[in-house]
Amino acid sequence: MSTITEANSTEVNISLEENTPTIKTTFTIEEIQELLPHRYPFLLVDRIIDYVPGQKAVGIKNVTFNEPQFQGHFPERSLMPGVLIIEAMAQVGGIVMTQMPDSKGGLFVFAGIDKVRFRRQVIPGDQLVMTVELLWVKQRRFGKMQGRAEVDGQLAAEGELMFSLIS
């Protein structure tokens, strides 16, 4: 009897797995490039390591000395510019926004940034881990997100990012 139960339960699991859509929770750089229009040297997300549709994304940026901004910011002491940290968070947020229903094919751009604070320096060799959570969407055209960027578990930057969909 247990053999029949196991066989039936296996059949049920197989058919359930076949009918259940798989939710993608990570994205490679190639998949990110399919979703975002940014390219070198302005693509600032190397990987999405956690994605919850309609809610949040966690992305990483490996900061390297070879990046063009470090030639001038600053030659004596390389620091990742704050505006690029915010842009990197926005690109992670863009992954969430581009996956929203009825937003395919549109381009999300900054509509505003609020309450941005920088808490620690980001330097070559750091891995920036950015968590961006969707706060709200209005009329499928505007969105607001809360972003956090951390290095080694320490908060580097945080703020609210507002997006607008343009055609």
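**Loop geometry, sheet and pockets of the predicted model**

Pro 41 is found in the loop that connects α2 and β1. In this predicted model, the peptide bond leading from Tyr 40 to Pro 41 is cis, with omega near 5°. A cis peptide bond also joins His 73 and Phe 74, where omega is about -15°. Phe 74 belongs to the loop between β2 and α3. In general, most peptide bonds are trans, and most residues other than glycine have a negative phi.

The protein chain contains three helices and six strands. Read from the N terminus, its elements follow the order α-α-β-β-α-β-β-β-β. Of the 167 residues in the chain, 37% are buried.

The six strands form an open sheet with antiparallel pairing, in the order β1-β2-β4-β5-β6-β3. β1 (47–52) and β3 are the edge strands, each of them pairing on one side only. On average, and with direction ignored, neighbouring strands of the sheet are turned by 20° against each other.

Thr 131 stands opposite Arg 148 of β5, and Lys 138 stands opposite Phe 142 of β5. β4 and β5 form a hairpin with three residues between them, and Gln 139 in the turn has a positive phi of about 50°.

Lys 115, which is not a glycine, has a phi of about 55° and lies in strand β3. Its relative accessible area is 61%, so Lys 115 is exposed. Asp 152, likewise a residue other than glycine, has a positive phi near 50°. Asp 152 is located in the loop between β5 and β6. Asp 152 counts as exposed because its relative accessibility is 71%, where the cut-off for exposed residues is over 50%.

The segment after β6 (154–166) holds Ser 167. With a relative accessibility of 92%, Ser 167 counts as exposed. Ser 167 and Ser 103 are 64 residues apart along the chain, and their C-alpha atoms are separated by 9.6 Å.

The largest nonpolar core comprises 38 residues, of which Ile 32, Ile 48, Met 80, Val 122 and Leu 128 touch the most other members. Two or more residues of this core come from each of β1, α3, β3, β4, β5 and β6. The largest share is that of α3, with ten residues.

Helix α3 also contributes to the largest pocket, giving the most to its lining with five residues. This pocket has a volume of about 260 Å³. Its lining consists of 19 residues, and those nearest the pocket centre are Leu 36, Pro 37, His 38, Leu 107 and Phe 108. At least two lining residues are supplied by each of α2 (29–35), α3 (82–98) and β3 (107–118). Classified by residue type, the lining of the largest pocket has nine nonpolar, seven polar and three charged residues.

The second largest pocket has a volume of about 180 Å³. It is lined by 13 residues, among which Tyr 40, Leu 43, Asp 46, Lys 61 and Glu 67 lie nearest the centre. By class, eight nonpolar, two polar and three charged residues make up the lining of the second largest pocket.

Technical notes. Residues are numbered from 1 along each chain as its sequence is written. This is a predicted model: local features need pLDDT of at least 70, side-chain atom pairs count only at pLDDT 80 or more; totals for chains, interfaces and linings use all residues. Side-chain values use heavy atoms; hydrogens and water are left out. Helices (H or I, at least four residues) and strands (E, at least two) are DSSP runs, numbered from the N terminus. Buried means under 20% relative accessible area, exposed over 50%, partly exposed in between (1.4 Å probe, protein chains only). On a 1 Å grid over the protein atoms alone, a cavity is a set of points where a 1.4 Å probe fits but cannot get out, and a pocket is an open set with protein on both sides within 12 Å along at least five of seven lines; lining residues have an atom within 4 Å of a point. Grid points are joined across faces, edges and corners, and a volume is the space filled by probe spheres set on the points. Ala, Val, Leu, Ile, Met, Phe, Trp, Tyr, Cys and Pro count as nonpolar, Asp, Glu, Lys and Arg as charged, and the others, Gly among them, as polar. Two strands pair if DSSP finds at least two bridges between them. Axes are lines fitted to C-alpha atoms, for helices over the stretch in contact, and angles run from 0 to 180 degrees between N-to-C directions. A nonpolar core is a set of buried Ala, Val, Leu, Ile, Met, Phe, Trp, Tyr and Cys residues joined through side-chain atoms within 4.5 Å.
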